[in-house]
Amino acid sequence: MSAVGTATYLCTSCPLGCRLEVDAADGDIVEIRGFECKRGERYAKQEHLDPRRQVSTTVRVTGGILPRLPVRVSEPVARDSVRAIVDALRTVRVVAPVRCGAVLVADVLGTGADVIAARSMRRAPRA
Amino acid sequence: MITGDAQHLASSYDTVVVGAGPAGLAAALGARETGAERVLVVDREREAGGILLQCIHSGFGLHYFAEEITGPEYAERALEQVLEHEVDVLTDAFVMDIDSGAGSSSRLALMSPSLGITTVHTETAVLAMGARERTRGALALPGARPAGIFTAGLAQKMVNLHGYLPGRRAVILGSGDIGLIMARRLTLEGVEVAGVFELMPYAGGLGRNVVQCLDDFDIPLHLSTTVVDIAGRDRVERVTVAPVDAHLVPQRDRAWTIPCDTLLLSVGLIPENELSRTLGVRLDPLTGGPVVTSQMETSLPGIFAGGNVVHINDLADWVSEESLIAGRSAGRRVAGTRLPDDNIRIVPGDNVASVVPHSISSERAHTLYFRVREPIREDAVIRLGSLHQRKVRALVPAEMASIKAAPRFLEDFHGDVLRVDAVPASRAAAS
């Protein structure tokens, strides 16, 4: 039996902001403390075992009315992949017009999530 | 749709909405739903959508569109809705003046590159100008005046719309949501964020943003700490920060200095009411916005208001819902439907900073939105006079709270003023 480690999380489920403590040994949760409701317990479990995040950034777009196009992942990804996804998108170039929701990168970095356009970008009128 | 193009602009409308952010777009939709046929939305930016266009992060739409989306997606959907309802949207145009003078119609003076200066008449108007950020001047921040000091929203616009970074190493003063979001955004773009400093002993923004924008990236949040000096000749070179005592007075003997080239300010929003003042609409000093009835009508008949121009909301979704009411009321006025009269004034009581709307009718159900002054991090009670109360887990200034007022609570009430209180449950039981 290995030693029990304690991790703490700030619950974001409601304004109460409970300080959650998760005891775990060998990656298995032994005990969760500090929650005031079921949502807190569920949040602690998710944050401890598999924290997931939405990712938003912008990519370069040419020929549009703006130089940057906002993009996001189609579903939350593992928290630890956020930086790598944003970095990978630095080299992406798209050309206007773009439709909101268009898939720009499928299965980004093997996460299973697509990178999609978060707005439509119409072509800039010719000068 | 009209975009900075005068060709289809009519000379008179049933409803003109000032501002095409979430408030204005929802108000236009609401007005069309209830009877206004000719509706115009005017915005000074090149595109409709307001500040949503630069809020590329997720967290919008859960309530209004029943789906979590980003700001630009929210703006696009809201715009599509109004265009489907054949609303005219005029961008790149500035409302210089509204004159609600005599009679039942108002006159707007518009200015735009394609129109020059032109006049539009309207039967009703909805004020939806939103808010702007507090600046260094509002805080009276001491120190030098070099380049490199930005409001968080301005930095957000630079980064997300135009692709410029404001600097290389940033300090953020204030822990409002935009500041927290920008701490993450700048970090992801390679700017080093030395820390977020907050005068109050609690964060100004939502807990979710503290966790996902700061904790995830190991950005330190220093509570009860503020900036006491800014140094730099042409560009910011360093800022000095110091902890504050219980009276918010900086402890200069405990100050320290942080080398940086950028200072972002995320220290609150101010409802943008220059136009409302010109009109002569009554303003509430507590919210900084117009005094509104339960139908979101201002003190001037036929002039309605919704969203951050009335009071600062924490979600665009609430802005849309409230402005939908404002728009629907304007549409009803156009259709000749009498709006219900309010007979009870609502005032902020214990630990309540402000409440909207400012009046309600005892005949109808209403939701009152308010913000607490001090956080209550234990079971709390929201009271509507002595008529009705609701228990909640906690209340913090960063999150708007609400309580319902329904005719059944008001049956035996014969007064004309009701207070909204928000106190710890332990204290409520004792009193």
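How many helices and strands are there in chain A? In this predicted model, chain A holds two helices and 10 strands, and read from the N terminus these elements follow the order β-β-β-α-β-β-β-β-α-β-β-β. Of the 127 residues in chain A, 39% count as buried.

Turning to charge, chain A carries 20 positive and 14 negative side chains, with the centres of the two sets 17 Å apart. Side chains of opposite charge can pair when their charged atoms come close. Over all chains, the whole structure contains 33 salt bridges.

One of these joins R33(A) and D23(A), at 2.7 Å from N to O; because R33(A) belongs to strand β3 and D23(A) to strand β2, the pair ties together parts that are 10 residues apart in sequence. R33(A) is partly exposed, at 27% relative accessibility, whereas D23(A), at 10%, is buried.

A salt bridge also links E36(A) with R393(B), whose closest N and O atoms are 3.7 Å apart; since E36(A) sits in the loop between β3 and α1 of chain A, and R393(B) in the loop between β25 and β26 of chain B, this pair joins two chains. Finally, E47(A), R53(A), R79(A), D80(A) and D216(B) are linked in a network of salt bridges.

How values were computed:
Residues are numbered from 1 along each chain as its sequence is written. Chains are lettered from A and ligands numbered from 1 in the order in which they are written. This is a predicted model: local features need pLDDT of at least 70, side-chain atom pairs count only at pLDDT 80 or more; totals for chains, interfaces and linings use all residues. Side-chain values use heavy atoms; hydrogens and water are left out. Helices (H or I, at least four residues) and strands (E, at least two) are DSSP runs, numbered from the N terminus. Buried means under 20% relative accessible area, exposed over 50%, partly exposed in between (1.4 Å probe, protein chains only). Lys and Arg count as positive and Asp and Glu as negative; His and the chain ends are not counted. The place of a charge is taken as NZ of Lys, CZ of Arg, CG of Asp or CD of Glu. A salt bridge is a side-chain nitrogen of Lys or Arg within 4 Å of a carboxyl oxygen of Asp or Glu.
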